Amino acid sequence: MLRRYGRVAVLLALLAVEVPLVAVSVVMLVLSVALGMVFLFPPQVRMVRRLAELNRRLMRRWTGLAIEAPYLPKPPPPVPQADGLYRYDRTLYKTPRVPAWSDRWKWLITDPATWRDDLWLLLEPLVKVLLAPVFLLLPAQGLRLYALWSELLLGATANSRLAGQVIHLQRTRNLATDSQAAEMRRIERDLHDGTQARLVAIGMTLGAVEQLVDQDPAAAKALLAKARDASSETLTELRRVIRGIHPPVLAERGLGDAVRALAIDSPMKVTVEVDLPQRLEAPVEAAAYFAVSELLSNAARHGDARSACVDISAKNADLRITVTDDGLGGADPAKGSGLAGIERRLAAFDGVLALNSPPGGPTTVTMELPRVLPGQGAGRPSRLPRGKLALVSLLWATAWCPTFPQGFVAAIFKIFGVREKTWFLALHLPPAWQWPTIIGMIMLGLTMHVMAIRIPVTHSRERWMAEATPTRPWCS
Amino acid sequence: MNVLIAEDLYLLRDGLVHLLQAHGFTVVGAVDSGPELLKGLLELRPDVSIVDVRLPPTFTDEGLQAALAARTSVPGLPVLVLSQHVEQLYARELLADGSGGIGYLLKDRVFNAEQFIDAVRRVAAGGTAMDPEVIAKLLASNARHEPLAALTPREREVLEAMAEGRSNAAISQRLYLSESAVAKHTANIFAKLGLAPSDDDNRRVLAVLAYLNSRA
């Protein structure tokens with residue numbers, strides 16, 4: 001009890017910060033809008049956001065209500081053009097400072113959450129004063145009520161989640177298309193420099209054989225043998241390219257056996273544990289396979305590891321892969337491009353990579369790909385809680401009564417002047433009350449029908465939103 | 001000698017039929033899908049069959065699965081598996097039952113008709129024919145292990161040829177050694193690896209392969 005009063009006291013004490021902040025904010029906003037002192041805007045937003053974040057944290061700790069921050073992801077740092085200059089709108093800059101500042105400013109001012117925060121701050125003193133009696137008499141309920149109020153203006157909305165999701169998807173799409181384009185270029189180069197050149201050589205050899213075959217059959221035979229060897233080499237080369245595109249064993253057997261094949265080919269002693277209920281989709285399989293392949297070859301090449309362990313398992317619809325080796329450790333994603341490449345590949349599936357590699361080893365890499373197992377999680381219909389289910393059933397069971405007999409049928413009786421009153425409530429009332437009652441009944445019935453349909457729909461939409469929104473937008 | 005061919009590419013199937021017929025084999029069947037292959041293997045019981053790993057309907061490893069299934073019900077049924085790529089994983093699965101009459105070669109080995117026919121005959125006789133690439137990979141993944149590191153380069157060459165499934169006579173021809181020298185090298189290899197020596201060529205090869213597989 002005492003602790004609750006302590007919390008209430010903290011909330012009220014925060015007013016000492018909030019009231020001056022309201023005053024300062026108003027001044028800063030007026031100055032930045034009316035007098036064009038735009039540089040005052042970002043610091044003001046930053047102050048308010050810091051306070052809002054503090055409030056979210058307190059509410060989470062005190063009432064358990066997790067209030068998700070609604071802000072859009074930060075804009076990425078400006079990228080220089082080919083000539084080294086930075087473009088913002090139609091102006092070119094030598095340094096990224098101005099474009100970065102402009103991006104930031106635009107990001108802050110277009111985010112509706114900025115204005116919701118300001119509204120929250122403005123109303124905050126009023127709400128606290130209004131809630132003061134509740135705080136004093138029923139502190140637990142008061143805190144709960146206050147948390148709900150905070151969530152109303154500080155929590156994520158469907159729009160903010162979707163906007164965040166769209167930005168996140170745009171970035172991962174760019175990453176995915178970039179890495180795919182790089183792959184394509186690599187394959188093109190391999191085919192151009194290797195296979196194609198060798199086939200040209202074979203063709204030339206065969207041309208020479210054609211000329212020689214009558215005059216010098218022995219030399220022609222020797223050249224034919226050479227052409228045959230060259231075609232063998234071409235095939236070997238082609239096999240290497242194919243392995244780089246999509247390893248045949250992966251296509252034939254799936255991730256588990258493909259990783260086992262990797263383990264056999266590796267110079268280290270690799271143990272493989274696979275626990276997957278079914279085959280994954282081909283792109284996911286490929287990303288996971290190349291990630292494991294890269295990690296194992298890193299361990300053998302740079303880590304000087306003797307043995308390694310790969311564990312692939314599914315948790316609900318998520319795929320989790322752990323690769324552990326007994327090498328030197330000290331791996332750093334910033335140094336080599338290997339780990340960064342894996343991260344890029346996984347990003348297309350919202351995958352994350354966690355690296356733990358203390359100097360001296362062992363190195364453990366854990367990768368998680370959320371919701372990639374087919375037929376699980378994503379397609380599962382969301383279940384209504386029992387209370388809502390009972391309400392929906394009750395609505396369906398009773399909604400017909402006010403709509404049809406008490407509503408429409410009574411209205412028809414009334415229009416055609418049927419004398420029968422049966423059990424229609426409206427017809428038993430004085431004439432002045434009859435039409436209002438009939439219309440009221442129809443309205444009530446329709447409302448009940450609409451509610452019976454809306455409750456499950458909105459419920460699953462909430463659930464869908466929650467599932468569709470990344471909880472770890474790591475790439476921002 | 002009766003031979004069954006399973007290959008879905010018409011040109012290659014036709015080429016194999018002609019090649020084998022020219023070398024005195026009787027082609028009792030040429031099928032192009034996994035289920036047909038399994039039926040053929042079990043009903044015709046060919047002296048040897050030549051099987052492509054990837055076959056319709058799923059174009060995964062139907063041929064390999066059919067061969068493994070047939071060898072479970074008819075142990076030692078001679079099968080030579082051909083593929084566009086070789087995997088140690090598949091080689092292990094084929095060798096797992098410990099009986100001979102198994103081959104696993106890259107498709108390009110067909111280019112050299114003489115060696116290919118030799119491999120077919122070896123498999124039909126209950127021997128083994130492993131692709132040099134499989135053996136090279138197998139030795140590479142064993143590279144760090146003590147007993148193998150102790151082999152001389154010449155002994156390594158002999159071991160490679162032996163693991164491919166060649167007899168002493170064939171090894172002596174390939175490495176330009178006398179047969180007695182090959183026999184001496186073989187005895188040394190077996191001593192260094194700690195394996196019991198055996199005069200039977202086929203059993204010897206299987207022992208070496210099992211040894212290499214167990215260590216990798």
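Residues are numbered from 1 along each chain as its sequence is written, while chains are lettered from A and ligands numbered from 1 in the order in which they are written. Because this is a predicted model, local features need pLDDT of at least 70 and side-chain atom pairs count only at pLDDT 80 or more, whereas totals for chains, interfaces and linings use all residues.

**View 1. Chain A is more spread out than a compact globule.**
Chain A holds 14 helices and seven strands. Here helices (H or I, at least four residues) and strands (E, at least two) are DSSP runs, numbered from the N terminus. The radius of gyration is 34 Å, well over the 23 Å that the globule rule gives for 476 residues, so chain A is more spread out than a compact globule. That radius is taken over C-alpha atoms, and the rule is 2.2 Å times the number of residues to the power 0.38. Along the principal axes, the C-alpha trace of chain A spans about 125 × 65 × 50 Å. Buried residues make up 22% of chain A's 476 residues. A residue is called buried if 20 or more other C-beta atoms lie within 10 Å of its own, exposed if 12 or fewer, and partly exposed in between, with C-beta atoms placed from the backbone.

**View 2. Chain A is assigned four stretches as domains 1 to 4.**
Domain 1 takes residues 2-72 + 111-154, domain 2 takes 170-245, domain 3 takes 254-369 and domain 4 takes 386-468. These bounds come from an automatic or database domain assignment. Taken over C-alpha atoms, the centres of domain 1 and domain 4 of chain A are separated by 42 Å.

**View 3. A:Gln196 sits in helix H6 (residues 158-215) of chain A.**
How many other C-beta atoms lie within 10 Å of A:Gln196? There are 13, which means that A:Gln196 is partly exposed. Follow the chain to A:Glu151, 45 residues apart from A:Gln196 in sequence, and the two C-alpha atoms are 63 Å apart in space.

**View 4. A:Ser231 lies in helix H7 of chain A.**
A:Ser231 counts as partly exposed because it has 17 C-beta neighbours inside 10 Å.

**View 5. A:Arg371 has a positive phi although it is a residue other than glycine.**
The phi of A:Arg371 is near 50°. Look for this residue in the loop between strand S7 (363-369) and helix H12 (386-398) of chain A. With 17 C-beta neighbours inside 10 Å, A:Arg371 counts as partly exposed.

**View 6. Chain A meets chain B.**
At this meeting place, 16 residues of chain A are in contact with 16 residues of chain B. Two residues are in contact if their C-beta atoms, placed from the backbone, lie within 7 Å. Which elements of chain A give two or more residues to the side that touches chain B? They are helix H7 (217-245), helix H8 (248-253) and helix H9 (255-265). By class, that side of chain A has seven nonpolar, two polar and seven charged residues. Ala, Val, Leu, Ile, Met, Phe, Trp, Tyr, Cys and Pro count as nonpolar, Asp, Glu, Lys and Arg as charged, and the others, Gly among them, as polar.

**View 7. Chain B agrees with the globule rule.**
For 216 residues, a compact globule would have a radius of gyration near 17 Å, and chain B has 17 Å. The secondary structure of chain B comes to eleven helices and six strands. Its C-alpha atoms fill a box of roughly 45 × 30 × 25 Å along the principal axes. Of chain B's 216 residues, 43% count as buried.

**View 8. Helix H6 (residues 132-141) of chain B includes buried residues.**
B:Val134, B:Ile135, B:Leu138 and B:Ser141 are buried in this helix. They cover an arc of only 130° around the axis, which puts them on the same side of H6(B). The arc is that of the directions from the helix axis to the C-beta atoms. An α-helix has 3.6 residues a turn, so residues three or four places apart point the same way.

A cis peptide bond, with omega about 5°, joins B:Pro56 and B:Pro57. B:Tyr176 is exposed, with 7 other C-beta atoms within 10 Å.
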